[in-house]
Amino acid sequence: MSENNNKMTQAMHRRDFLKHSAVAGAVAAAFSMGLPLQAFAADATPRPGGVLRLGLAGGSTTDSRDPGSWVDTFTFVGFSAVYNTLTEIAVDGSAIPELAERFESTPDARVWTFHLRPGVTFHNGKSLTAEDVVASINHHLDAKSTSAAKTVLGDVASVSAKGSDAVVFELHSGNADFAYVVADYHLVIMPAKDGVADWQAGVGTSGYRLKSFEPGVRMDLERNPDYWKPDRAHFASAELLAIADGAARVNALVTGQVDVINKVDLKTVALLKRNPALVIEETKGAQHYTFPMLCDSNEFKNNDIRMAMKHAINRETLLASVLHGYGLVGNDHPIQPGSRFINAALEQRAYDPDKSRFYLRKAGVESLKVRLQASDAAYTGAVDASVLFKEQARQAGIDIDVVREPADGFFSNVWMKQPFTTSFWYSSLTADRMFSIGYAKGAAWNETHWDNPRFNQLLNAARGEMNAPLRQEMYNEMQALCRDDGGAIVPLFASSVAARSNKVNHGPLTAPYGELDGLRLIERWWQA
Amino acid sequence: MNLLSQVARAPLSAKFGLLIILLYIAVAVFAPLLAPYGETQVVGEGFAPWSGQFLLGTDNLGRDMFSRLVYGARNTLGIAFLTTTLAFLLGGLSGLVAAIKGGWIDQGLSRVVDVLMAIPQLIFALLILSVVGTNATSLVLVIALLDSTRVFRLSRAVAMTVVVQDFVEAARLRGEGLWWLVTREVLPNAAAPLIAEFGLRFCFVFLFISALSFLGLGIQPPTADWGSMVRDNAVLITFGDISPLLPALAVALITVSVNFVVDWMLHKSSGLKEC
Amino acid sequence: MNSLLKLVLQRLALGVLSLFAVSVIIFLAVGMLPGDIAQAMLGQSATPETVAAFRAQLGLDLPPFTRFAHWLLRLLHGDLGASLANQRPIAELIGARLGNTLSLAALAALVSVPTALVLGMLAALYRNSWFDRLLNTSALSAVSFPEFFVAYLLILVFSVKLGWFPSLSNLAPDATFGTLLERSVLPVATLSLVVIAQMMRMTRASLINLLASPYIEMARLKGIRQSRIIWRHALPNALAPIVNVIALNLAYLVVGVVVVEVVFVYPGLGQLLVDSVSKRDIPVVQACSLIFAATYILLNTGADVLSIASNPRLMHPKG
């Protein structure tokens, strides 16, 4: 009885905490998430000049200038300083005009018109026209495109120029969030050459010119003196080094050879914090980890089995050991705490072996044996997390056989093919995008093969719904459906943890949109 | 000439080496009795300090470090020994045979080995392990195959200098068979460098597994293995943390010990009497 | 001497055959890897349409034999082709990195080979002395730590604590020779520590092995000085295995340094090869493997020729 009570109070605490954190999140977002105020209040006025040196994970010798091929941090961050997009994400997480001066849509949100900012020129002197935008979007949209961003534009039926200074997107169905879609870091605006986007030249409209780019090694950028944004691009130049090894990144930062590193090994964060010359930058909710269970597999087609699994995992323990506390617990849906779309009333799911056994019995089985095919390709620590899960699930009479799969080829051969695997997602700015790409019936990356008619119906309705409260109600229900019927166990939201030297500084951060100040630190940060 | 009296007369370094080797073997054999906790059992908070409960603290997942080191002895030594033995059986024998037989057998074997060796070891391992999957068996077979090419080269080179000597020629003329030539004539005279090589190769297996872990292809967790354990915590060295040193020291100690013993045997087999 | 020349030519011809065999093996092995470049490049964001478009664009929908034949034909015309991943010409992609790899290997060899030989001879000369034991133990200890571990320790001491050398060896495009040397110190030190032990121990073992043979005994009885016995009588005959081990280690310095490249962020061929394997960029994998294989074959042939030339019995085999 006392144990029961204890569980109740724990649940209460968690609910309170969640509410709390949702409010706190909203407040914090206005300043910058998770960052002590004085960290930037001390030196909030940008100082021009200096060199920004970045040591980044996520660079490969196979990287290219083609925006359709950008799949990791190095190219995201580097080319975000070279190119602009039609809209950008502001500090409060909303999509605001960038190369588009303003934008509007038809009431059903099906046709979107973006009016281009006048007087913007590319680094080669060419003026920005609607033709450039159309060519840049078609680079991803084209039938023969190999772009990683093709699915991002899945809604788009056609894109066309309206005069020389406006671009019209026609969508298959209404999408109230389309302004967020074109802020995607792949959808950069390149100059058109003979009607085709000229990605080879590396010429953009943003604050830095591409001086040299050696894939997997380094990128050198120098300030564009004609940059159209008045209050951005403070550094005179920037050097990006690709440093794959976590210890090498930390060493480079500690010895002062670089000013900022990303993907700090979480084991070392506490140790790095002791260094007074360094500042840890934690972006909360940047990504989430999942254990997808295929809802059409023999093992998991019964939702009671899925519910048993969801109750057999101890999220707090995983948070403490896999993430060393740098993250938040998940609630079996993909909307990050602190997001505008979070269903704050949804109770946090707790570790409850008894409940797990209850669901097993409901499904007509006494014990369960499943195979979990795990790989660190999903995220560092995925195998560790799986091993911990195995130990926890044993309490509920579930025997998880953890099989480590090679990282190589994991996503093409194991993920979405085997009943039970490991996976991760970058959190999306909008609930619609997250649900559309990962949870909708028929979506290319519906990693659990989940098909819930009510959910799919709500998703379509919400996408075109311009009435915000009504829309939120739908999203609330969809989160509950994911949590109580979906195929994904979402145990954790992981922070992305970067570190900087106190020789560089910044204003409010665009958390939680991507790491390193929404990938835009090169044009947003300055020397202290 | 019984073993014990030989050991008794061995130099101090060899005695030390033997003692350590025996100790390691004992730990490996009796691992389940010695380890206070299970190999993969999560017993506490992550990174718990050294204490009476957890002798060497816990690792990042809260598993007992001491227990993992003990089980690591079993896995690591077992794999290294198996691998090296296989490599020497395969590479050493074929090297000797190639040197004795000469002709097309020598040519054929040498060319195959050349081709295998011409492919960088780490890349070859990476390719094969990515195809067949990483598990203890495939690791042992792949590393043994790769190592055997090195052993072949050496044993052939050493044997070549032996087979041109007169006593081998004499045995050949006597009409001795291949097995006789290998075991009675060539091997005893080629043993010294091969034994020295065995010691080093044995230790290189740990290092190779460790390098493979660096590329994500080492022994798979949650199995405890020193090479992977070093890799997992290596980043802590930057902060002067000693936990990655423990498995590394375990490897260093056995390396030095094995080679002390090897040196002693080398010394005896060389017939060099003076000290 | 003529027979030696014949041997060299024969070896080189065989080397070309070996290179062909290597390229076939690599092609087949990469082909057997799960997934292809289209899937590997797009990773988790792959969809069936984009993967299909990718394959068509790169000609991956052709049968493997045709692709290999095309590649071989172009190679025979001196064209290494272009990277599948980013369409850069491979010759350009590899050029600078090959230079980096070779200069690092050369520096490491300059430091390690003479050190190993001298220490090995001294150890044989003063065998079983405290000096020998100390040398032996420290060499074994150095070699028993994984490369990355040695590298991290060196960085901790010389870079983080003392600040003498940079922890990154990454060079700006306009770096001077002086910077290059400064930035090579720690990687060279790491590599030397790794390779010295094996060469030194082989030198010592081979010498000691020979010191027991009758003709050395004879020389010793004639009262020739120990150091002269080693230098003039033992060393030439012990050369074969030593040269072999040196060749293996030199080859290792060129082809086996990927871990050191990663830790010191040194843009060499090893990292390129590993990246290309993981992305299934076959032409780049092929080009790097061929360079590595050629390096190995050349060094190996050199070692064989040297050991034969140094042994009169092998030069003029009876019968």
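## Chains C and B

Chain C of this predicted model has 14 helices and zero strands, where helices (H or I, at least four residues) and strands (E, at least two) are DSSP runs numbered from the N terminus. Read from the N terminus, the elements of chain C run α-α-α-α-α-α-α-α-α-α-α-α-α-α. The C-alpha trace of chain C spans about 85 × 60 × 35 Å along its principal axes.

Chain B has eleven helices and zero strands. Its C-alpha trace spans about 70 × 50 × 30 Å along the principal axes.

## Conventions

Residues are numbered from 1 along each chain as its sequence is written, and chains are lettered from A and ligands numbered from 1 in the order in which they are written. Local features need pLDDT of at least 70, side-chain atom pairs count only at pLDDT 80 or more, and totals for chains, interfaces and linings use all residues, while side-chain values use heavy atoms, with hydrogens and water left out.

## Interfaces between chains

Chain C contributes 61 residues and chain B 62 residues to their contact, contact meaning heavy atoms within 4.5 Å. About 5500 Å² is buried between chain C and chain B, and carbon and sulfur atoms give 73% of this area. Buried area is the accessible area (1.4 Å probe) that two parts lose on being put together, summed over both. The number of salt bridges between chain C and chain B is zero; a salt bridge is a side-chain nitrogen of Lys or Arg within 4 Å of a carboxyl oxygen of Asp or Glu.

## Salt bridges

Over all chains, the whole structure holds 38 salt bridges. One of them joins Glu170(A) and Arg110(A), whose closest N and O atoms are 3.8 Å apart. This pair links distant parts of the chain, 60 residues apart: Glu170(A) is in strand E7 (residues 166-171) of chain A, and Arg110(A) is in the loop between strand E4 (100-105) and strand E5 (111-116) of chain A.

## Helix H13 of chain A and its partners

Helix H13 (residues 431-438) of chain A and helix H15 (residues 468-485) of chain A have axes that come within 11 Å and cross at roughly 40°. Axes are lines fitted to C-alpha atoms, for helices over the stretch in contact, and angles run from 0 to 180 degrees between N-to-C directions. H13(A) and H15(A) are therefore oblique to each other; angles under 35 degrees count as roughly parallel, over 145 as roughly antiparallel, 65 to 115 as roughly perpendicular and the rest as oblique. On the H13(A) side, Ala431(A), Asp432(A) and Phe435(A) meet Arg471(A), Tyr475(A), Met478(A), Gln479(A) and Cys482(A) in H15(A). The residues of this contact divide into five nonpolar, one polar and two charged, with Ala, Val, Leu, Ile, Met, Phe, Trp, Tyr, Cys and Pro counted as nonpolar, Asp, Glu, Lys and Arg as charged, and the others, Gly among them, as polar.

H13(A) also packs with helix H14 (residues 453-463) of chain A, at an angle of about 140° and with the axes 11 Å apart. H13(A) and H14(A) are therefore oblique to each other. Asp432(A), Phe435(A) and Ser436(A) in H13(A) meet Phe455(A), Leu459(A) and Arg463(A) in H14(A). The contact of H13(A) with H14(A) divides into three nonpolar, one polar and two charged residues.
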